Amino acid sequence: MSAEKCLAKGSTAPGPVPKDYIRVYSMRFCPFAQRARLVLKAKGIKYETINIHLKEKPEWYLKKNPLGLVPTLETPAGEVIYESPITCEYLDEVYPEKKLLPSSPFAKAQQKMMLENFSKVIPYFYKIPTGRKNGEDVSGLEADLKEKFAKLNECLINKKTKFFGGDSITMIDYMMWPWFERAEAYQFKQFLDGTPELKKWTELMLQDSAVKALMFSPDAHKAFFKTFLDGNPDFD
């Protein structure tokens with residue numbers, strides 16, 4: 001149950017969310033929205049997807065989420081939840097089967113701290129390609145990103161686990177994954193060569209059923225990212 005094509009200004013608002021489903025307002029190539037879709041898929045939650053045109057946002061969508069961002073969740077009761085970490089934590093609490101966040105308050109706090117640290121890495125995924133396109137010297141930014149990848153690699157070495165939360169996939173892995181799926185499109189794949197544990201983590205993530213179900217090919221990501229850098233993103 002989904003609307004693949006983005007809904008834009010002037011579109012008709014979708015009807016009520018079907019019983020026993022949750023609706024996710026998304027955009028096919030948005031890494032933040034992919035976080036919520038990964039959690040929905042991993043937990044086996046029945047959901048429908050409505051894609052939003054992020055440059056020509058529907059008026060009805062801005063009434064649901066005044067920020068106009070994705071992901072946004074909507075329940076059959078008309079409850080609306082947005083911001084990717086909040087949507088994912090909400091899903092884990094409301095659908096307790098196959099918990100992705102640890103039950104220990106300390107372990108949960110550790111994952112949130114890791115996520116906070118990773119949020120400082122994300123801007124490099126956009127600053128570097130934009131700088132390259134504009135002919136700027138991005139060597140300093142690339143060095144910073146390599147250092148941040150090295151710290152993530154060190155984290156896995158110190159933990160002695162396959163994933164960032166242990167030996168099975170947990171919430172933090174899904175929260176970080178979308179940017180690594182796009183590493184080739186961003187021309188960052190070579191930065192993983194000096195981080196063997198992080199590289200192994202990406203290979204293990206590629207074997208996950210939720211990741212496999214939702215991922216796009218590197219060529220699809222490259223095609224979208226080119227339109228994004230050109231200032232006229234093709235959301236469809």
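**Helix α5 and its cover**

I looked up what covers the buried residues of α5, and the contacts (heavy atoms within 4.5 Å) include α6 (139–159), α7 and α10 (218–229). Buried means under 20% relative accessible area, with a 1.4 Å probe and protein chains only. Helices are DSSP runs of H or I, at least four residues, and strands are runs of E, at least two, numbered from the N terminus.

This is a predicted model: local features need pLDDT of at least 70, side-chain atom pairs count only at pLDDT 80 or more, and totals for chains, interfaces and linings use all residues. Residues are numbered from 1 along each chain as its sequence is written, and side-chain values use heavy atoms, without hydrogens and water.

Which residues of α5 (124–133) are buried? I noted Tyr 124, Phe 125, Ile 128, Pro 129 and Gly 131. They sit on the same side of α5 because their arc around the axis is only 160 degrees; the arc uses directions from the helix axis to the C-beta atoms. Just after α5, I found Gly 135 with a positive phi of about 75 degrees.

**Cores**

Next I checked the nonpolar cores: sets of buried Ala, Val, Leu, Ile, Met, Phe, Trp, Tyr and Cys residues joined through side-chain atoms within 4.5 Å. The largest has 51 residues, and Phe 149, Phe 180 and Leu 198 are among those touching the most other members. Helix α7 (171–181) gives this core its largest share, eight residues.

I then followed Leu 198. Leaving out residues up to four places away in sequence, Leu 198 touches Phe 149, Leu 152, Asn 153, Leu 156, Phe 164, Phe 180 and Leu 192. A second, separate core has 13 residues, including Tyr 25 and Trp 60.

Terms used:
Buried means under 20% relative accessible area, exposed over 50%, partly exposed in between (1.4 Å probe, protein chains only).
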